[in-house]
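Open the model in your viewer and keep the selection tool ready. We will go stop by stop.

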Amino acid sequence: MVRRMENSSKNRQQIMASLAGAALLLALVIAVSLWAFKQVGESAEARKHTNIVIFSANDLLSSLKDAEIGQRGYLLTGDEAFLKPYLAVRDRISGQMEELYQLTQISAAQQHLDAMAPLIDAQLAELTGTIELHRNHDMTTALVVVRGGQVNLLMDSILAEMKSFIQIEEEAWALHESEFQSNMRVLLTFIVIISLLVLLLSLAFAYLISLGAQQRLKDAVHLETLHLLEIEEESNIKLQQANVNLQISEEKLAVTLDSIGDAVIATDTEGRVTLMNPLATRLTGWTDSSALSRAVDEIFNIINKETRLPATIPVKETLLHGTIHGLANHTVLIARDGSECDIADSCAPIRDRDGQVIGAVLVFRDVTGEYAAQKMLRNL
C-alpha cells in the first residue's frame with residue numbers, strides 16, 4: 001500500500017513536471033511567434049523606408065534635369081516660360097536635399113550627399129550665370145559657357161554620387177533582407193524542434209496517464225493532438241505569410257530595379273552576367289535568360305566612337321581593385337543586332353557584409369539624344 005502510494009505520488013510529480021514542461025514550451029512558441037511578427041514588421045518597414053529614399057533621390061535628379069532642360073530651352077528661344085522648371089528647382093532643391101539627409105540613416109550614404117551638395121550648388125550657379133548672360137544680351141559668352149560642358153560634367157558627377165548613394169541604400173536593404181530570411185530559417189528550425197519536443201512530451205504524458213486510467217489517457221491524447229495540430233497549423237499559416245512577404249519583397253525589388261531610368265548589368269566575381277534589367281536588355285539586344293552566365297564583354301560590346309576600336313570595359317578593374325570606374329566620352333554600345341548608340345557608363349563593386357567584392361554592377365544610359373542636343377547647341 002505504501003509502495004503504491006509512493007508510486008502514485010511519483011507519477012503525480014512526473015505528470016506535474018510534464019505539464020510544467022509543456023507550459024514552458026508553449027510559452028516559448030508564443031514568444032517566438034511574437035518575435036516573428038516583429039521581424040516581419042521591421043522588414044516591411046525597412047522595405048518601405050528604402051523605397052521612399054530611392055524615390056526621393058530619383059525625384060531630386062529629375063528636378064535637376066528639368067532645370068537644365070529649362071535653361072537650354074531659354075537659351076535657344078529666349079522665352080521666359082522655359083525658366084519655370086529652373087525657378088521651381090532653385091526654390092525647392094535645398095528642401096529636397098534636407099529631406100534626403102533626414103531619410104538616410106547610413107553614414108556612408110550621407111557622405112555621398114555631402115559630396116553632392118557643392119556639386120548641385122555649382123550646377124545651379126552655372127545655370128544662373130548663363131541665364132543672366134542671356135538676359136544681358138551676351139549670348140556669345142553664354143554659348144561659350146554652354147559649350148564648355150561644365151554643366152554636363154557637374155551633372156555626371158552628381159549622377160555618380162547619387163548612384164553610389166542609391167547603391168548603398170539598396171545594399172543596406174539587401175543585407176537587412178538577408179538577415180530577415182536567415183531569421184525565418186532559424187524560426188522554422190526552432191518551430192520544428194519545439195513541435196518534436198511537444199510531441200515527445202505528449203507521448204510521455206500519455207504513458208504516465210495510462211498507468212492510472214486508459215480512458216483518460218485516450219481523451220488526453222486526443223485533446224493534446226488537436227492542440228498540437230492547431231499550433232502546427234498556426235505555425236504553417238505564419239510561415240506561409242512570411243513566404244508571401246518575402247515574395248512581395250522580391251517583387252518590389254524587381255520593380256525598383258526595373259523603374260530605374262538607367263540600364264543595369266550585374267556580374268559575379270568572374271565577370272559573368274547575373275542580372276540585367278529591361279532597359280539593359282533593350283540597349284544590348286540580349287534577353288536576361290540568354291545573357292545569364294555569359295562573360296560581360298560578350299554582352300556589353302563597346303567601341304570608341306572616333307577610332308572604332310574596342311573600348312575597355314571597366315568591370316575587370318572594378319573587380320580587381322574594388323573601385324568605381326567610368327567610361328571615357330565618345331563610347332558606343334553595339335547591340336546584338338548591330339545597332340549602335342552613344343552611352344555614358346559607370347561601374348561599381350558589389351560587396352558583401354564583410355566588405356569583400358562579390359561582383360560588379362554596370363550602370364549605363366543612352367546619351368545619343370544628349371550628344372545630338374549638344375551638337376545642335378555648338379552649331380548655333
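At what angle do helix H2 and helix H3 pack, and how many Å apart are their axes? First, the ground rules. This is a predicted model: local features need pLDDT of at least 70, side-chain atom pairs count only at pLDDT 80 or more, and totals for chains, interfaces and linings use all residues. Residues are numbered from 1 along each chain as its sequence is written, and side-chain values use heavy atoms, without hydrogens or water.

Select H2 (residues 84–103) and H3 (residues 107–135). They pack at about 175°, with axes 11 Å apart. That makes H2 roughly antiparallel to H3 (an angle over 145 degrees). Now show the contact side chains (heavy atoms within 4.5 Å). H2 contributes residues including Val89, Ile93 and Leu100; among those from H3 are Leu113, Ile120 and Leu124.

Next, select Leu60, Leu64, Leu100, Ile120, Met162 and Phe165. Of the 36 residues in the largest nonpolar core, these touch the most other members. Such a core joins buried Ala, Val, Leu, Ile, Met, Phe, Trp, Tyr and Cys residues through side-chain atoms within 4.5 Å; buried means under 20% relative accessible area with a 1.4 Å probe, protein chains only. Helices H1 (2–77), H2, H3, H4 (139–147) and H5 (150–212) each give two or more residues to this core.

A second, separate core has 24 residues, including Ala263, Ala291, Ile302 and Leu362.

Last stop: H11 (residues 368–378). Its buried residues are Tyr371, Gln374 and Leu377. They cover an arc of only 120° around the axis, so they lie on the same side of H11. Turn to the face away from that buried side: Gly369 and Lys375 are exposed there (over 50% relative accessible area).

Methods. Helices (H or I, at least four residues) and strands (E, at least two) are DSSP runs, numbered from the N terminus. The arc is that of the directions from the helix axis to the C-beta atoms. Axes are lines fitted to C-alpha atoms, for helices over the stretch in contact, and angles run from 0 to 180 degrees between N-to-C directions. Angles under 35 degrees count as roughly parallel, over 145 as roughly antiparallel, 65 to 115 as roughly perpendicular and the rest as oblique.
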